[in-house]
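Have a look at the sequence and the model, then read on.

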Amino acid sequence: MNYIKVKGLSKSYSDIKALKNLSIEIVWTIIPSIIVLLIGLYSYNIYDRMGGMKELNHNHEMMSSNTEKIWAGISQTSDNEIAINNLSIEVSAMQFAFLFNYPKGNFISGELHVPVDQKVSMKMESKDVIHAFWVPEFRIKQDIIPGQPTILNFTPTKVGKYPIICAELCGPYHGGMRASIIVEEESDYNEWFNKNKKPEVNL
Ligand SMILES: [Cu+2]
């Protein structure tokens with residue numbers, strides 16, 4: 001019964017004249033090719049504007065050690081840029097959470113707060129297995145690897161709360177490894193920052 005059905009189907013397909021029409025084949029090949037090419041060029045341009053094509057610098061002032069090798073990242077920031085715009089955050093990933101360390105405020109947060117329209121520089125490292133920092137709304141994703149810091153820089157442009165999702169299968173509770181990024185007006189961010197910041201302890 002099934003055999004007859006399949007046979008009948010293949011026969012009706014071979015009868016379709018369009019499959020033998022060269023001009024239609026050319027049109028439906030060229031149009032998607034052009035669309036794909038344009039999407040590719042557009043994406044390349046955005047990735048370039050984000051700094052994705054910049055070479056990774058191996059001695060980064062933001063980092064604790066000058067000789068630390070940065071393995072991957074989107075948008076390397078020059079040391080100058082960091083000096084001017086110093087919103088640097090250290091991200092630790094572990095099974096099954098993200099932690100955001102604000103070295104300037106000497107505190108750690110489970111929520112990532114950033115001011116709108118300011119470039120954020122994040123250095124990320126995993127405490128155990130490979131995780132991935134993904135903010136679907138921002139279209140950014142970067143792996144977080146144990147022992148090999150990666151960099152992710154971005155400039156949020158819209159106030160709001162967005163999900164951060166681990167995009168690398170990292171264990172049984174991987175699906176629950178989520179956090180939030182809160183993009184807020186600079187005054188709100190400063191208020192939050194000042195409320196959380198701790199004085200440096202001199203030992
Ligand atoms: Cu994970």
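Helices (H or I, at least four residues) and strands (E, at least two residues) are DSSP runs, numbered from the N terminus. Residue numbers start from 1 along each chain, following the sequence as written. What you're looking at is a predicted model: local features need pLDDT of at least 70, side-chain atom pairs count only at pLDDT 80 or more, and totals for chains, interfaces and linings use all residues.

How far does the confidence go? pLDDT is the predictor's confidence in each residue, from 0 to 100. The chain has a mean pLDDT of 81, with 73% of its residues at 70 or more. Among the elements, strand 10 (residues 160–166) has the highest mean, 96, while helix 3 (residues 79–84) has the lowest, 50. Over residues 59–67 the pLDDT stays under 50. Where pLDDT is low, the predicted coordinates should not be read in detail.

Now for the sheet. Two strands count as paired if DSSP finds at least two bridges between them. By that rule, 5 strands make an open sheet with mixed pairing, in the order 5-11-10-7-8. At its edges are strand 5 (112–115) and strand 8 (140–144), each pairing on one side only. Ignoring direction, neighbouring strands are turned by 20° against each other on average; axes here are lines fitted to C-alpha atoms, for helices over the stretch in contact, and angles run from 0 to 180 degrees between N-to-C directions. Helix 4 (residues 186–196) packs on this sheet, touching strand 5 and strand 11, and its direction makes about 135° with that of strand 5. Contact means that the C-beta atoms of two residues, placed from the backbone, lie within 7 Å.

Strand 10 and strand 11 (residues 178–184) pair antiparallel over 6 bridges, and lysine 161 stands opposite isoleucine 182 in strand 11. Strand 7 (residues 131–135) is joined to strand 10 by 2 bridges, also antiparallel. Strand 7 pairs with strand 8 in the antiparallel sense too, over 5 bridges. Those two form a hairpin with 4 residues between them, and arginine 139 in the turn has a positive phi of about 60°.

Which residue faces glutamine 142 of strand 8 across a bridge? That's phenylalanine 133, which also stands opposite cysteine 166 in strand 10. Its contacts beyond four places in sequence include Val91, Met124, Leu152 and Ile164. A residue is buried if 20 or more other C-beta atoms lie within 10 Å of its own, exposed if 12 or fewer, and partly exposed in between. Strand 7 is largely enclosed by the rest of the structure, because 4 of its 5 residues are buried.

A nonpolar core is a set of buried Ala, Val, Leu, Ile, Met, Phe, Trp, Tyr and Cys residues joined through C-beta atoms within 7 Å. The largest one has 24 residues, and Val91, Met122, Met124, Phe133 and Ile164 touch the most other members.

Most residues other than glycine have a negative phi, and most peptide bonds are trans. The bond from glutamine 95 to phenylalanine 96 is cis, with omega near 5°. Two non-glycine residues with a positive phi are set out here.

| Residue | Phi | C-beta neighbours within 10 Å |
|---|---|---|
| Asparagine 106 | about 60° | 13, partly exposed |
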